[in-house]
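I want to look up the pocket, the cores and a few helices.

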Amino acid sequence: MAHRGLADYAWWQYGIVYQIYPRSFQDSNSDGIGDLPGILSRIDHLVDLGVDAIWISPVYPSPMADFGYDVAEYCAIHPSFGSLDDFDRLIAAAHERNLKLILDYVPNHTSNQHPWFIESRSSRTSPKRNWYIWRDAKPDGSPPSNWLSEFGGSAWTWDEATGQYYYHAYLKEQPDLNWRNPEVRKAMLDTLRFWLDRGVDGFRVDAIHHLFKDAQLRDNPLNPDWRQGMSPSRRLIRTRTMDQPEVHEAIAEMRRVADAYEDRVMIGEAYLPIDQLMAYYGVDLTGFHLPFNFHLLSTPWHPVAVAALIDAYEAALPPGGWPNWVLGNHDRARLASRLGSEQARVAAMLLLTLRGTPTIYQGEEIGMTDVPISPEQVQDPWEKNVPGLGLGRDPARTPMQWDATAHAGFTTGEPWLPVGADRHTINVAAQARDPWSILSLYRALIRLRCAEPALSVGAYTPVAADETALLYERRHGDRHLLIALNMSGASQALSNFHSGRVLVSTCLDRPDEQVRGALDLRPNEGCIILIE
């Protein structure tokens, strides 16, 4: 979608990113698993939606112990997803439609089936032994440190053949690479070049804060705030296994590779407090263009809390650092399940009117909800390793709902995860015909964002936040927009208002309504008002 008046900005600043979880987007060959030809067949949905870039979760060859985040070969495509030719066709089609394509990059770990690891574990004298993190047991035979896997249990697995432990931040099938080894760094940077040469427009870098571990293998301290019901990995404070200072030079190396190509973007995944996250922009902005900001996922959905988060984040940004916002992804419960269907519309307005680059997770634009997964249907290794705590991510990864047919238009086979029972109304085909649907709202918000530089790149100014409503302004040139969000289920009468007119309501039923000194917000309604 064309953007107005933004020649001085990069596409990743004014653009909107749409995350595709390829296993669940569209199946083209009836095997129940989404694939690259499937994405290509649905690409015009993304054009109609109005997004600017698609980020595709991993499609590399993999045993699928963690559904693609256990990479067995970095420069190829898993047969379930298609081929390199399919990838080339997809990127060509995206570029023909002025869509950018961002690929997931998994630098922290490989699959234990990767040839590098197979060679590394073949003997202690293997040339690739030091490509991974191998250590002797303690004198009593126990692991080298108390480090825990994110998915439960020790982060050290004993290898009987060579008589040492290897480290894995996630599953034992996902051994961590040793980024202190220059050969590893070179091989992984060459991986970036392979895909950049194929035309990808950037990377979302997975689990970057895990890339380095304490060289002395010192234990992590106990977490005094851990309670029953929390993930077992949170028993420890991960001061020795995350966010180590060496990571920033590695990120700068990745950035230098990307900067050798024109107009590319580097996005980093790091779940960190705001003050620590800012370091991932790098010295003089030589790190990630966009260190993902996940804080809306964990902030209470309350006007005062959200306003405080926005203020803290904006204040912490380094000079010239560009903000970004995320409200959903393949690892977290869906927006409509967290907030309810009505507040999901308000959240869409928040996401698409804050200053900074927004990322939309597939299905949020139609209000998809988490799908209940029975024990026998569980696919997620996290849930299998730590059952009963509700940590499984399958409910947010179920197939995209395109229409009201048996498998929601996703596949003619048996889907790898069940389709939502609400597919009859929560689907693209039905909502595309409904002028009041959440899909129509997303389209309207994105059209307005593209037409109004005040929304895409303008200044942000807080106005007010109380127990029920959040108000803020966006300005660019002589355009002055006020966003008023009712985050409650009760009507709100806002007084002392400027004169203006409503550009978009989350209810989609008051276009160009004049505002004179007061505004009545209905329950769960947000409005964008042009101040005149």
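What volume does the largest pocket have? I get about 1200 Å³. For the record, a pocket here is an open set of points on a 1 Å grid over the protein atoms alone, where a 1.4 Å probe fits, with protein on both sides within 12 Å along at least five of seven lines; lining residues have an atom within 4 Å of a point. The volume is the space filled by probe spheres set on the points, which are joined across faces, edges and corners.

Before going on, I note that this is a predicted model, in which local features need pLDDT of at least 70 and side-chain atom pairs count only at pLDDT 80 or more, while totals for chains, interfaces and linings use all residues. Residues are numbered from 1 along each chain as its sequence is written, and side-chain values use heavy atoms, with hydrogens and water left out.

**Pocket lining.** I find 49 lining residues in the largest pocket, and Glu150, Arg234, Arg238, Tyr271 and Arg332 lie nearest its centre. Helix H8 (274–277) and helix H9 (295–298) are the elements that give two or more residues to this lining. H9 gives the most, with 3 residues. My helices (H or I, at least four residues) and strands (E, at least two) are DSSP runs, numbered from the N terminus.

**Cores.** I looked up the largest nonpolar core next: of its 125 residues, Tyr18, Trp179, Phe203, Ile208, Met254 and Leu350 touch the most other members. H15 supplies the largest share of this core, 9 residues. A nonpolar core is a set of buried Ala, Val, Leu, Ile, Met, Phe, Trp, Tyr and Cys residues joined through side-chain atoms within 4.5 Å. Buried means under 20% relative accessible area, with a 1.4 Å probe and protein chains only. A second, separate core of 18 residues includes Trp11, Val17, Trp55 and Leu297.

**H15.** How many of the 14 residues of H15 are buried? I count 12, so this helix is mostly covered. Among the buried ones are Tyr442, Arg443 and Arg449.

**H6.** The buried residues of H6 include Arg185, Met188 and Trp195. They pack against H4, S3, H5, S7 and H7, where contact means heavy atoms within 4.5 Å.

**Ile20.** I checked this one in strand S1 (residues 17–20). Ile20 counts as buried because its relative accessibility is 0%. Ile20 touches Phe25, Trp55 and Gln362, among others. The C-alpha atoms of Ile20 and Met400 are separated by 9.7 Å, although these residues are 380 residues apart along the chain.

Definitions and conventions:
Buried < 20%, exposed > 50% of the residue type's maximum accessible area, 1.4 Å probe, protein only. Lists of a residue's contacts leave out its neighbours within four places in sequence.
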